[in-house]
Amino acid sequence: MPAYLRRNWAVVALIAVLVIGMVLPLATGISAPGFYLEVLLGGLMSGVLYSLVALGLVLIFKASGVFNFAQGAMVLFAALSVARMSEVMPLPVAIVLGVLVMAALAWLIERLVLRHLVNQDAVVLLMATLGVAFFLDGFGQTVWGSDIYQINTGLPKTPMLVGENLFQGGILINSEDLVAAAVAALLVLALAMFFQKTATGRALRAVADDHQAAQSIGIPLNRIWVIVWTVAGIVALVAGIIWGSKLGVQFSLSLIALKALPVVILGGFTSVPGAILGGLIIGVGEKFAEVFLGPILVRQFDLAGGGIENWFAYMLALLFLLVRPEGLFGEKHIDRV
Amino acid sequence: MAVLQRKKALIAAFAGIAAAVTLGVSAPAAAQTKAPAAAGKGEQFFPVLVYRTGAYGPNGNPWANGFIDYLKLVNAQGGINGVKITWEECEFGYATDRGVECYERLKSKGGAIVQPLSTGVTFALTDKAPVDKIALITAGYGRADSVEGEVFPYNFPLMGTYWSAADILVQHVGKLSGGLDKLKGKKIALVYHDSPYGKEPIALLTERSKLHGFELTTIPVTHPGVEQKAAWLQIRQNRPDYVFLWGWGVMNSTAIREAVATGFPRDRMYGVWWAAAEPDVTPVGADAKGYNGLAMQHGAGRAKMHEDILKMVHAKGQGTGPQEEVGTVLYTRGMISSLLGVEGIRQAQLRFGNRPITGEEARYGLENLNIDVKRIDALGLTGVMRPLATNCRDHEGANVARIQQWDGAKWNFTSDWYQADMQIIRPMIRDSSARYAAEKKLTRRSCEAEMKEAAAPAKASAAIKK
Amino acid sequence: MLYRENGQFKSSYAADQQLLPIAQDRWFVIGLIVLAYVAVPALASDYMFRALIIPFVILAIAAIGLNILVGYCGQISLGTAGFMAVGAYAAYNLVIRVPQLNFIVILVLAGCIAALVGALFGIPSLRIKGLYLAVSTLAAQFFIDWLFARVKWFTDYSSSGSVSPAPIQMFGWTIESPIDKYLFVLSIAIVLTLAAKNLVRGHAGRAWMATRDMDVAAEVIGIRPVTAKLSAFAVSSFYAGVAGALWGFIHLGAWEPLAFNINVSLNLLFMIIIGGMGSLLGAYFGAAFIVLLPILLNQVPGWFGIPISTALASHLESMIFGSLIVFFLIAEPHGLARLWAIGKEKLRLWPFPH
């Protein structure tokens, strides 16, 4: 057996268990192939949505070492702004204005919060972003209202039925989901181009590698942080628009962000591909657990209903943490004593 | 060093302000001792527990507006036999512990009737209300077994409980299938909010499924109900014939959205009366067309009472919410709930005199409600509300409902009146309330005296000291 | 001038090692306890007990527990409410299944069960630290939430999922009136605070603090991380479990699984951040702050005669809460306890300038 497999046997075993768990419903015939594909697609779609939120988290963590608990509140705030503004102006204009709003928010957060908390330890920064999250929740609803609002992207909501001859009953595919996946992919590509090709992107990568070294060669940390939080804000805006057009823009959007935490754990706090992959794994895993594993557990233990997906993502992240603490693509953390 | 001094000064100032304000808040809070009922000011105080924010805000807002608009209307019409109404709102965001907190805070101001608009809070307050002697109206929600007045003297699930609602839905789908016996072998899925509210109908649906042989699947959705993809994928796998939706707040519109996404026909979805209002269907747009809901007697639309409110409250600029909201389903629901409270006070005043009423007296009033056709016409709710009469053994008063359907622009009634089958429900109420009494070691009161008194013609009697 | 320890000589080791070596401190604390037992029941109204004082005392117990874990041992925990739920449901099940037990015994047993569960979910802390550990405790929180909502045995097959135990009866005393409830929880809080103070003063506390400061170095000098970390989780969960049982039985009276959701965990974390991590007094300060703040925010606009809708009041509460958290973290990261300590330092000199 190759050496690296032997060294990381626990990770390999865990991945093997997951893959077997995923293939099992199809192999044992519990589920029809068409339905299996639908669950898979549904899981991938949820995964894309989680990845979008996790992307913002990773960006901020990479550049400023802060775990942004307020990412969910930012998604909500961005979605609320666009939804309400699009009631009085065409959607593209609203989106542009939304970008400006998020940039202003990023500047304010850096000025009022981050600048004063440089060098504090992780718990304090986490709590600070939690405070920002509370503030944004209240502020967004004060300014824009607490009803359910719509973002009308013009996409049809009724699903298309495909593959009726291949699978019994056909498979339902939502064109909205496909567009969302495409947008997410474009966003990741755009971010990759930004980081690789532009000067600001290179500066961001430098800051992510080593704050002090970046400062020593003259990169202005404060300005970089504003830029990073703005980019994260734009990512939140895209996530908010996609989520909002799918679920309607309302307060509970900010609670979705809690799910992004296991995604980031899985993928590694500092890795963008990790966030994407982690999101997909969590999304698919959740749906599979809920749809296939749930009924088995309910029958076995006489439970009052399923609802496994509330904790499955966290348990999965926990298992990964135990076998690979830095996540799939994260950097190994070295403690110096 | 200047920075440090500034920081210290800031902290000191903050600490000083905090101390002063803390002492300050203790003063009025201490003054909120248990006031005598209605504060002896000749005013009837109504505590209003609301939620205008959070995941359930979109639904709680119109209900609260309707509730308060009716109180304003009564005041504009001269009060309850001359007694002016005062009220205070308390926001609790549908969280049970905050709801109980609101109750505790407001009860010291002399409230006689509390309407928590939350089954979870109702469960929590069912123990406290008899001790505090405050009547609980849970119109269209609450504990289904609290119909039994012998065990729950202070609970009033007026106009319908969840067992009545579930029963009527089963009757309706039975009728659609050509008879209740034709339900055998069919599948009904209950998508419910994972809270006491959502769990309440399960007992009756299980009972009915045993009776008629249909397969019941229960699918819980966790608060706030935004993640339902897996639930609806399960439904797609299960392919039930009907889906009953017991949701609240954003869970409802999300459910309909997910139904669209998984291709479940909306016209085979039936929402309970809290899942059949405008905030549930309008966010979904045209795709919600065909969605059915239960109408707790009233639907949407403006009756004479709405016109009165528009004339006497909104026209004077005192409307609680926007004018377009007057006449929507939840607005009317709140309005009627408020009306039930006021009618209870009126009924109590018939016995105890035209003065502010205490909680104990209001309880008597609510237990002897008799809103007949004449009164309904006088109030201006002809065709909106059916007659309602309570007694000691029946705190529900009326258990009729009909089905309404959303056509993309408004709600239309699509069925006759159904009445809940008490043959099935009565024994369940009896057993459940007996279990509650045993668990709490309650001494069950006897309804014999009250029933006899209600049967005898009302004699002019002096105010009886209870 | 007033707060000096000169003239107070210790002539025995016991006297030197006592909890409150300075006489003024001793008088102050004794006075405080007398005030709490005598003056408060006489002066406070029913409403103050129900809405302010009893939640404050119970949450202070939970905050002490969390402070032991986060402040003294340095392990982040976002799942305290889950352990409170374990304590509450354990106490409920003991009360209905083994009714002949005394309630104090039930409380201790519930705490022990919560401690076991806490130690179980603390096992990942042996491998992971910091933010990653926060995820592990979040997993505990959501899993426990789900467990009590789904496994019907815990709620005694209640159809609504909510439980409501009968009022507590022990030694012929039914704890129903607010004053009774207050005296009961106050006594428990004092006993538990004393226990916590002694724990953090002793070997356990020093092991926790060493693990917090630099766990690798602590391991090098012989403090076993398994013992230190798991004992911190266990003790913290014991306190959380007792607090949860008291919260359910005494404050709420009837509760459903959602009563112990993530917001309670976050509130507890705020309590110890604002109160001061690593300080038992800080737990009390933080609990008082968090309990008072929403009520304050609700009442203050009324005093100034500014009518604001309940929705706006609720949003303002969120905003002010958030900004206060940030303000505290920026201005005084060590919390109100540090301000208190600074105050005491100044008191040693006052009224002299130096």
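Biologist: How do I read the packing of α11(A) and α12(A), and at what angle do their axes cross?

Modeller: Two packed helices are described by the angle between their axes and the distance between the axes. This is a predicted model. Here helix α11 (residues 253-267) of chain A and α12(A) cross at roughly 120°. Their axes come within 8 Å. The two helices are therefore oblique to each other.

Biologist: What is the handedness of the crossing of α11(A) and α12(A)? And which residues make the contact?

Modeller: The crossing is right-handed. From α11(A) come K259(A), P262(A), V263(A), L266(A) and G267(A). α12(A) contributes G274(A), A275(A), G278(A), G279(A), I281(A), I282(A) and E286(A).

Biologist: Now chain C. How are α3(C) and α7(C) oriented to each other?

Modeller: Use the angle and the distance again. Helix α3 (residues 46-72) and helix α7 (residues 178-201) of chain C pack at about 15°, with axes 10 Å apart. Angles under 35 degrees count as roughly parallel, so α3(C) and α7(C) are roughly parallel to each other. The crossing of α3(C) past α7(C) is left-handed.

Biologist: Which residues of α3(C) meet α7(C)?

Modeller: Among them are F49(C), I53(C), I54(C), V57(C), I58(C), I61(C), I64(C), I68(C) and Y72(C). The α7(C) side includes Y182(C), V185(C), L186(C), I188(C), A189(C), L192(C) and V200(C).

Biologist: How far apart are the axes of α11(C) and α14(C)?

Modeller: The axes of helix α11 (residues 262-275) and helix α14 (residues 335-349) of chain C are 3 Å apart, at an angle of about 20°. That makes α11(C) roughly parallel to α14(C). I273(C), I274(C) and G275(C) of α11(C) meet G335(C), L336(C) and A337(C) of α14(C).

Biologist: What lies at the start of α12(C), and what follows the helix?

Modeller: At the start, a side-chain oxygen of S279(C) comes to within 3.4 Å of the backbone nitrogen of L281(C). After the helix comes G305(C), with a positive phi near 70°.

Biologist: Which residue other than glycine has a positive phi?

Modeller: Most residues other than glycine have a negative phi, and most peptide bonds are trans. D302(A) has phi near 55°. D302(A) sits in the loop between α12 (272-301) and α13 (309-323) of chain A.

Technical notes: Residues numbered from 1 in each chain as written. Chains lettered and ligands numbered in written order. Predicted model: local features only at pLDDT ≥ 70, side-chain atom pairs only at ≥ 80, totals over all residues. Heavy atoms only, no water. Polar contact = N/O pair within 3.5 Å; in protein donor to acceptor, adjacent residues only side chain to side chain. Helix = DSSP H or I, 4+ residues; strand = E, 2+ residues; numbered from the N terminus. Axes fitted to C-alpha atoms, helices over the stretch in contact; angles between N-to-C directions. Parallel < 35°, antiparallel > 145°, perpendicular 65-115°, else oblique. Left-handed = near helix turned anticlockwise from the far one by under 90°. Contact = heavy atoms within 4.5 Å.
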